[in-house]
Amino acid sequence: MESALAVARLPPHDPGTPALAVVDMHTGGEPLRVVLAGCPELVGPTLLAKRRYMRQHLDHVRRRLMFEPRGHRDMYGAVLVPSELPDAHLGVLFLHNEGYSSMCGHAVLALGRFALDFGLVPAPPAGAREARVNIHCPCGLVAAFVECEGGRSRGPVRFHSVPAFALATDVLVDVPGHGKVVVDIAYGGAFYAFVSAEKLGLDVCSSKTRDLVDAASAVTEAVKVQFKINHPESEDLAFLYGTILTDGRDVYTEEPTTNICVFADEQVDRSPTGSGVTARIALQYHKGLLELNQTRAFKSSATGSVFTGKAVREAKCGDFKAVIVEVSGQAHYTGTASFTVEDDDPLRDGFLLK
């Protein structure tokens, strides 16, 4: 009986709605749901055009995958698509509880493993210890380097970011409930506001998560209203993704510096946040607090998981002085699933409790 039930078999469902087959992973505790099959074709000549098409015509797929009862308000996902870039092995759209992000470092670390293990890149030469996976993200081409053995992934993954830069430092914003607060804004494939939790009367390591979320969300909303975000190359990237509360330890130390990222609709990153680490390193390099190839460790206050990062070379993004950042972390597989829909289900597209 057990073995018979274990055979892949779908329950009763709407035959006109393909099952969504997924592989679930996590990086430092932050989930990633990778769509294997079942997502309708995304129309558009470019990755950003496909992103707009999915937002306008297929957002129910995101909601079914991210929302309850199949997911939860902090679920994260990835839809793999063809890329128009000749050097890319794959393109990806990132999904979360509010919509579609421009970059996701924890997902890139996981997708590096996934692409190698599921044959999306050429098998590395015999004896190779690392495989390169070029992933076209909405923010641009990101190179992941996957430790491997016998052609399969093992150990940590690292990636090289798009050019990351400090957009503005010492920005004074009026945050309801907290008064005037000074924040920095930096880009690591997505824009974040950075502020020490102490400035908001909190401790990033010991305060309640709900209090950290409320404070970070208040900062995000204040910055959105009081500061205009501009990206030098694309209006599609010109939005504030979230706020990262830190322990204030921006001066270099060998001990990990702790932070928590609150993004999208009050979604809490369980990992140290790959694109946030990228932006924070760019900010510290801009302030003269880090040198090239000086590695720092970044710790999640949510799970204690750690990413490492370093600025590997200088670059430009429009007129901004930028750096390419290397971020390293460990991703793990957690399972597979097939999600179906019954046509009489009033909650077929999911829901969120708040």
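The model is predicted. The structure holds one cavity of 30 Å³ or more.

- In domain 1, 27 residues are in contact with 31 residues of domain 2.

**The interface**
- The size of an interface is often given as the accessible area lost when the parts come together.
- Domain 1 and domain 2 bury about 2,200 Å² between them. Carbon and sulfur atoms carry 49% of that area.
- Three residues, Glu 30, Asp 74 and Ser 161, supply 24% of the area that domain 1 buries against domain 2.

**Salt bridges**
- The rule finds four salt bridges across the interface of domain 1 and domain 2.
- Asp 74 forms a salt bridge with Arg 270. Their closest N and O atoms are 3.0 Å apart.

**The cavity**
- The largest cavity has a volume of about 70 Å³.
- Its lining includes Tyr 76, Met 103, His 106, Tyr 192, Phe 263 and Asp 269.
- Two helices, α4 (105–117) and α6 (274–286), each supply at least two residues of this lining.
- By class, the lining has six nonpolar, five polar and one charged residues.

How values were computed:
Residues are numbered from 1 along each chain as its sequence is written. This is a predicted model: local features need pLDDT of at least 70, side-chain atom pairs count only at pLDDT 80 or more; totals for chains, interfaces and linings use all residues. Side-chain values use heavy atoms; hydrogens and water are left out. On a 1 Å grid over the protein atoms alone, a cavity is a set of points where a 1.4 Å probe fits but cannot get out, and a pocket is an open set with protein on both sides within 12 Å along at least five of seven lines; lining residues have an atom within 4 Å of a point. Grid points are joined across faces, edges and corners, and a volume is the space filled by probe spheres set on the points. Helices (H or I, at least four residues) and strands (E, at least two) are DSSP runs, numbered from the N terminus. Ala, Val, Leu, Ile, Met, Phe, Trp, Tyr, Cys and Pro count as nonpolar, Asp, Glu, Lys and Arg as charged, and the others, Gly among them, as polar. Contact means heavy atoms within 4.5 Å. Buried area is the accessible area (1.4 Å probe) that two parts lose on being put together, summed over both. A salt bridge is a side-chain nitrogen of Lys or Arg within 4 Å of a carboxyl oxygen of Asp or Glu.
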